[in-house]
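Biologist: I would like to go through this structure feature by feature. Please show me how to read each one.

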Amino acid sequence: MSDGGVAVQVAQRLLVRGAAQVVVVCRGGQRYLAGPDMADVAIVPNGSVVVGRDGDVVAVGPAEEIAAQFEGCSFDQIIDAQGHSVIPGLVDAHTHPVWAGDRVHEFAMKLAGASYLDVHRAGGGIHSTVEWTRAAGEPQLLASLCERLRRALRAGTTVVEAKSGYGLELGTELRMLRTLERARALVPLRIVSSYCGAHAVPRGRDADGYAEEVVREHLPAVRRLVEDGSLRVELADVFLERGVFERDAARSVLRAARDLGFLLNFHGDEFTDMGAGELAAELGARAVSHLEETSDQGIAAMATARCAAVLLPSTAYVLRLKEPRARAMIDAGVIVALGSDFNPNAYCIAMPVVMNLACVRLRMSLPEALAAATINAAYALGCEERHGSLEPGKQGDMVIIAEPRWEHIIYQLGCHGDIISHVITQGNVVYEK
């Protein structure tokens, strides 16, 4: 926080002054919070935040101390946050935001009793979105993606993981990744891109044969484009599930991706216990998402390996799945993170709603949900050094809430659009109510 040292005279970008609460989250540079620490987020009462001209946090601390330290300093912008609260920008650790078409009719099918796998076997689900997305051009994909990301930004998300995966052939997968790359210049949030070409088995193919194609052709092609600067792709993903990519096929894809330098962050144990936690520990994965069916052994393996569990309560809610065992994971010391899983099957991109579901359905506390949607989600994406808490040296991303207690962002279900007064990235106001 503030070093309380000699007065600073250098001009700064932003001063957020006199908030009733500034939620710093981490107390001293932790890369994540686990176990009991998740319930003990750091808060500065009557606090202020200073962001420098480079977009990084310079100081956080009690308002009187910050005022004394920066007396006489000029700021490009000053926000009086009296009666408001400040939290770090939210981090959404799992989304599928690039697609064409919709699946509203499938929602009706599921309400009538069809399961996710019933719809998938009937030719719907991912495959129907693949058809729409293959037929769409980049301008169409880019326009819809940017609107979705702006909606996330207005709900307080300043970092979003975003996957390909609705191509299932190299050309469309690369088109999706290019669309994500172009969106970086158009929407002022950080996009962490994931290659997810092994999201499903293409129609008419067998899983092992397609996995071999991904290993032999897709992953090297993506790596070449990363190395020549055409794309930024940080993570690699695969859908580990019975009837999709089973353990050996998933392992081959993930091992190849790891050997090419991608962080591993994959789908696992959504409908069946496939040993995702154990496989993640074996391969040194950074995170696994879903985990509704994960065993005690999988939980223990993830805790030991410091592999994050990205829980997706909005998906469990929409699909009427068994809830992931967040309490058991937290008690075991797993690094629990949250994501929206925004996609045409689970259409929620508002992290405040996800946090509310995590508290009500997964029995997480309010501080645990915030830690899971900030520093732990950043850890799951490999960007915790720059995001996830309001500490000096990190990027100046924050959300100002028009309530004196920060918990209102979770408590007021569906009202985040009314109570978020400002969203700030790199010290710049990118949304103001």
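Biologist: How many bridges join strand E9 to E10, and do they run parallel or antiparallel?

Modeller: Bear in mind that this is a predicted model. Strand E9 (residues 235-240) is joined to E10 by 4 bridges, and the two run parallel.

Biologist: How many bridges join E6 to strand E7?

Modeller: There are 3 bridges between E6 and strand E7 (residues 157-163), and these two strands run parallel. Leu90 stands opposite Thr157 in E7.

Biologist: Is Glu173 buried or exposed, and which residues does it touch?

Modeller: Glu173 has a relative accessible area of 0%, so it is buried. Leaving out residues up to four places away in sequence, its contacts are Ser164, Gly165, Tyr166, Gly167, Leu168, Tyr195, Cys196 and Gly197. As for Lys163, it is 10 residues from Glu173 in sequence, and their C-alpha atoms are 9.5 Å apart in space.

Biologist: Back to the sheet. Where is Ser289, and which residues does it touch?

Modeller: Ser289 is found in strand E11 (residues 287-290). Its relative accessible area is 0%, so Ser289 is buried. Not counting residues up to four places away in sequence, Ser289 touches His94, Asn265, Phe266, His267, Gly268, Val310 and Leu312.

Biologist: Now helix packing. What describes two packed helices?

Modeller: The description uses the angle between their axes and the distance between the axes. Here, helix H8 (residues 247-259) and helix H9 (residues 276-283) pack at an angle of about 30 degrees, with axes 11 Å apart.

Biologist: Are H8 and H9 roughly parallel or roughly antiparallel?

Modeller: Angles under 35 degrees count as roughly parallel. H8 and H9 are therefore roughly parallel to each other. The crossing of H8 past H9 is right-handed.

Biologist: Which residues meet in this contact?

Modeller: From H8 come Arg247, Arg251, Leu254, Arg255 and Arg258, and they meet Glu278, Leu279, Glu282 and Leu283 in H9. By type, the residues of this contact divide into 3 nonpolar, no polar and 6 charged.

Biologist: Which strands pair with E15, and in what sense?

Modeller: Strand E14 (residues 398-401) pairs with E15 in the antiparallel sense over 4 bridges. Ile400 stands opposite His422 in E15. E15 is also joined by 4 bridges to strand E16 (residues 428-432), again antiparallel. In that pairing, Thr425 has Asn428 in E16 as its bridge partner. In strand E15 (residues 420-425), 6 of the 6 residues are buried, so the strand is largely enclosed by the rest of the structure.

Biologist: What do E15 and E16 form, and what is the phi of Gln426 in the turn?

Modeller: E15 and E16 form a hairpin with 2 residues between them, and Gln426 in the turn has a positive phi of about 50 degrees.

Biologist: Where does Asn46 lie, and what is its phi?

Modeller: Asn46 lies in strand E2 (residues 42-51). Its phi is near 45 degrees, a positive value in a residue other than glycine. Asn46 is partly exposed, with a relative accessible area of 42%.

Biologist: What about Asp341: is it buried or exposed?

Modeller: Asp341 is buried, with a relative accessible area of 4%. Asp341 is placed in the loop between E13 and helix H13 (351-360). Although not a glycine, Asp341 has a positive phi of about 55 degrees.

Methods: Residues are numbered from 1 along each chain as its sequence is written. This is a predicted model: local features need pLDDT of at least 70, side-chain atom pairs count only at pLDDT 80 or more; totals for chains, interfaces and linings use all residues. Side-chain values use heavy atoms; hydrogens and water are left out. Axes are lines fitted to C-alpha atoms, for helices over the stretch in contact, and angles run from 0 to 180 degrees between N-to-C directions. Angles under 35 degrees count as roughly parallel, over 145 as roughly antiparallel, 65 to 115 as roughly perpendicular and the rest as oblique. A crossing is left-handed if the near helix is turned anticlockwise from the far one by less than a right angle, and right-handed if clockwise. Contact means heavy atoms within 4.5 Å. Ala, Val, Leu, Ile, Met, Phe, Trp, Tyr, Cys and Pro count as nonpolar, Asp, Glu, Lys and Arg as charged, and the others, Gly among them, as polar. Two strands pair if DSSP finds at least two bridges between them. Buried means under 20% relative accessible area, exposed over 50%, partly exposed in between (1.4 Å probe, protein chains only).
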